Amino acid sequence: MSTTEPDALLGPADIRELAAKLGVRPTKQRGQNFVIDANTVRRIVRTAEVRPDDVVVEVGPGLGSLTLALLEAADRVVAVEIDDVLAAALPATVQARMPGRADRFSLVHSDAMLVKELPGPPPTALVANLPYNVAVPVLLTMLERFPTIERTLVMVQAEVADRLAARPGNKVYGVPSVKANWYADVKRAGSIGRTVFWPAPNVDSGLVSLVRRAEPVTTTASRAEVFAVVDAAFAQRRKTLRAALAGWAGSALAAEAALVAAGIPPKTRGEALTVEEFAAIAENKPAADLSSESKPGADEPAGKKSTGNESTGSGE
């Protein structure tokens with residue numbers, strides 16, 4: 001791998017100068033907060049354990065801070081950028097700052113949620129400072145569409161990082177936790193201060209590490225079938241699973257039958273279950289002829305609806 005100049009990475013003055021030249025102001029609409037600290041991006045690359053033979057995909061590269069640090073360490077980097085101005089400028093930034101590695105860089109100008117193939121060899125790692133407003137759906141979509149991604153390290157809002165890495169029984173355990181665990185072993189990998197961003201966000205950030213499961217969840221149910229159970233279980237998380245899954249199963253009685261068949265007490269709540277247990281429920285969805293016994297949730301008073309944080313991102 002080629003060596004790079006010590007000042008190849010972007011510092012605060014470089015970021016502001018480049019942004020001014022392009023007429024770029026970070027927008028809340030796209031959740032843009034640019035990293036302006038070279039030590040932070042090198043720390044992210046180090047924590048991600050990027051190797052010289054890795055093909056790294058980066059979502060939301062912005063002005064290129066993390067991109068350049070990834071190019072220092074990886075074999076190839078593919079960046080996916082939705083912003084027209086940023087996408088047009090990034091190849092030139094790479095060429096100017098790191099000419100010896102420019103042929104190892106590719107840009108995909110697209111919404112990451114729409115990307116179904118990437119140029120060059122299959123990606124082995126995903127490393128990104130994900131826009132806060134779409135972090136979970138983008139993460140789950142990339143893991144689903146690119147099964148060759150073995151290791152992932154994403155920087156997200158601290159609250160989202162906590163949800164992704166939560167274990168059963170934790171008060172923030174929910175849809176993102178279960179769905180991420182379908183693909184990978186997930187853990188918190190550190191915190192990031194607000195001052196390394198421009199503009200400085202009003203929330204803290206966290207790093208989340210996801211290592212692809214060596215073996216997928218053992219189940220005869222499809223991913224979509226399992227995720228449907230997960231979505232239903234947390235849509236009204238105060239309810240027992242017998243009531244929460246009534247709509248999914250067709251009735252509370254049918255939900256109870258599925259739970260009993262899966263070996264799960266019907267009065268259990270969704271936050272207590274592992275992804276394997278959700279898969280077992282999906283496998284035991286009763287036939288439709290049990291669905292007319294009662295109205296969904298009729299055996300319990302209505303629970304508090306989800307705030308919307310739980311059902312973020314199906315990975316579909």
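Residues are numbered from 1 along each chain as its sequence is written, and side-chain values use heavy atoms, leaving out hydrogens and water. As the model is predicted, local features need pLDDT of at least 70 and side-chain atom pairs count only at pLDDT 80 or more, while totals for chains, interfaces and linings use all residues.

Helices here are DSSP runs (H or I, at least four residues), as are strands (E, at least two), numbered from the N terminus. H5 spans residues 135–145 and is mostly covered, with nine of its 11 residues buried. Buried means under 20% relative accessible area, with exposed set at over 50% and partly exposed in between (1.4 Å probe, protein chains only). The buried set is Ala135, Val136, Pro137, Val138, Leu139, Leu140, Thr141, Met142 and Leu143. These residues pack against strands E2, E5, E6 and E9, and also against helices H6 and H7; contact means heavy atoms within 4.5 Å.

Next come H2 and H3. Two packed helices are described by the angle between their axes and the distance between the axes. Helix H2 (residues 38–47) packs against H3 at an angle of about 50°, and the two axes are 9 Å apart. Axes are lines fitted to C-alpha atoms, for helices over the stretch in contact, and angles run from 0 to 180 degrees between N-to-C directions. That angle makes H2 oblique to H3 (under 35 degrees is roughly parallel, over 145 roughly antiparallel, 65 to 115 roughly perpendicular, and the rest oblique). On the H2 side, Val41, Arg42, Ile44 and Val45 meet Ser65, Leu66, Ala69, Leu70, Glu72 and Ala73 of H3.

H3 (residues 65–73) also holds Thr67, which is buried, with a relative accessible area of 0%. Leaving aside residues up to four places away in sequence, Thr67 touches Glu58, Pro61, Val77, Leu90, Val94 and Phe105. Over in helix H4 (residues 84–97) sits Ala89, buried too at 13%. Ala89 and Leu63 are 26 residues apart in sequence, yet 7.8 Å apart in space, C-alpha to C-alpha.

Finally, the cores. A nonpolar core is a set of buried Ala, Val, Leu, Ile, Met, Phe, Trp, Tyr and Cys residues joined through side-chain atoms within 4.5 Å. The largest has 61 residues, of which Leu130, Leu210, Val226, Leu245, Phe278 and Ile281 touch the most other members. Apart from that core lies another, of 42 residues, including Val35, Ile36, Phe105 and Ile192.
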